[in-house]
Amino acid sequence: MPADSPFVPAAHEPVLVLLEQDAHGLVRPRVADPDVPHLRVTDQGVTRGDGLFETALAVADEAGTLRMRKLRAHLGRLASSATALRLPAPDAAAWEAAVDAGLRAVEAASRPAPGARLSVRLTATRGPEATPGTAPHPTAWVLLTPVPAPDEAERRAGVRVLLLDRGIDSTAPEHAPWLLTGAKTLSYAVNMAALRHARAHGADDVIFTSSDGFLLEGPTSTVLIARHDPDGRRRLLTPLRQKGILAGTSQAVVFAAAHAAGWRLGYGPLIPADLEDVDGIWLASSVRGVLPVRAVDGRETPVDPTLTARLQAWLDADGDPGHHVSGDPVTSDA
Ligand SMILES: Cc1ncc(COP(=O)(O)O)c(C=O)c1O
């Protein structure tokens, strides 16, 4: 194949879209072969985990057209991560064009069945090590990978979590912003190590706590808690973002829908005791969806399939997250 002919992805295989700068400095998407190397060994995404990412879900409609869910919220969070990292990542329009090119390439390779799902991962690194004083030249790409339907058995049974100390206190976002607690950086080795620790100790997942005792988040998820207020009204809770967690896009969409349905909301701050006497606890994230927790540190907690289905339906409806998107401390409803 001549070097300049467009790459044609194979059916049911991952699709890679590179965001490349043309001669005029404009960032353009190019569908490329995911099975050949594209990164330099000096890329700081690899040598230092210095970069950012987003993982979103795309689902095919009845006509087989793929659409990425929560596009605005993901691109908004990506821009916040880029600001926190001072990384000159491509702008929203360039990412949108790349995602669109990827989705259309998947459709062209094999018309997706209704309900077919893809994870859409957007990544930008600080690029190859540059000589001091020269501007960084970020590397950016979108990778679209088919993912199976949700594991219904897991969703019915729920997951066992351990509470693990993240080792930093909840004032870190103010006094140590370089820890990048609210940014979705490529430095996830610690999160993956926590998951391995949980699995080696008979659990499936983790809820991090701050060293001063606040509930934070899962290594790849946001914590949601449902309970009844003394007057019988339902309340949905999530840990306070300002304590040092990522603003979850799934949490935001579910909260906006719960609010519209008349539920009260609460943003904490929460402590481990808030995991007791609840109607349910879930780990929420874009690809896995809303996963019920069935045990915390070995102590059983209620799993309510009807509530899980309700939260999942709110997430699937992909409504406007509105002002709930950043987890900004919208004052808890009285
Ligand atoms: C640390 C962390 N918190 C929360 C989430 C959930 O975010 P979202 O709902 O936007 O997928 C993720 C997703 O991977 C995550 O890595």
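1. The ligand sits in the largest pocket, meaning that more than half of its atoms lie within 2 Å of the pocket's grid points. A pocket here is an open set of points on a 1 Å grid over the protein atoms alone, where a 1.4 Å probe fits and protein lies on both sides within 12 Å along at least five of seven lines; lining residues have an atom within 4 Å of a point.

2. This is a predicted model, with local features needing pLDDT of at least 70 and side-chain atom pairs pLDDT 80 or more, while totals for linings use all residues. Residues are numbered from 1 along each chain, and side-chain values use heavy atoms, without hydrogens or water.

3. Around the ligand there are 16 residues, each with a heavy atom within 4 Å of it. The closest are Arg77, Tyr188, Thr249, Ser250 and Ser286.

4. Polar contacts are pairs of N or O atoms within 3.5 Å. The side chain of Tyr188 has an N or O atom 2.6 Å from a ligand oxygen. For the side chain of Glu217, the distance to a ligand nitrogen is 3.1 Å. A polar backbone atom of Thr220 lies 3.5 Å from a ligand oxygen.

5. The largest pocket holds about 1,000 Å³ of space, a volume filled by probe spheres set on grid points joined across faces, edges and corners. It is lined by 42 residues, and those closest to its centre are Lys184, Tyr188, Asn191, Pro219 and Thr220.

6. Helix 6 (189-200) gives the most to this lining, six residues. Helices are DSSP runs of H or I with at least four residues, numbered from the N terminus.

Technical notes. Polar contact = N/O pair within 3.5 Å; in protein donor to acceptor, adjacent residues only side chain to side chain. Helix = DSSP H or I, 4+ residues; strand = E, 2+ residues; numbered from the N terminus.
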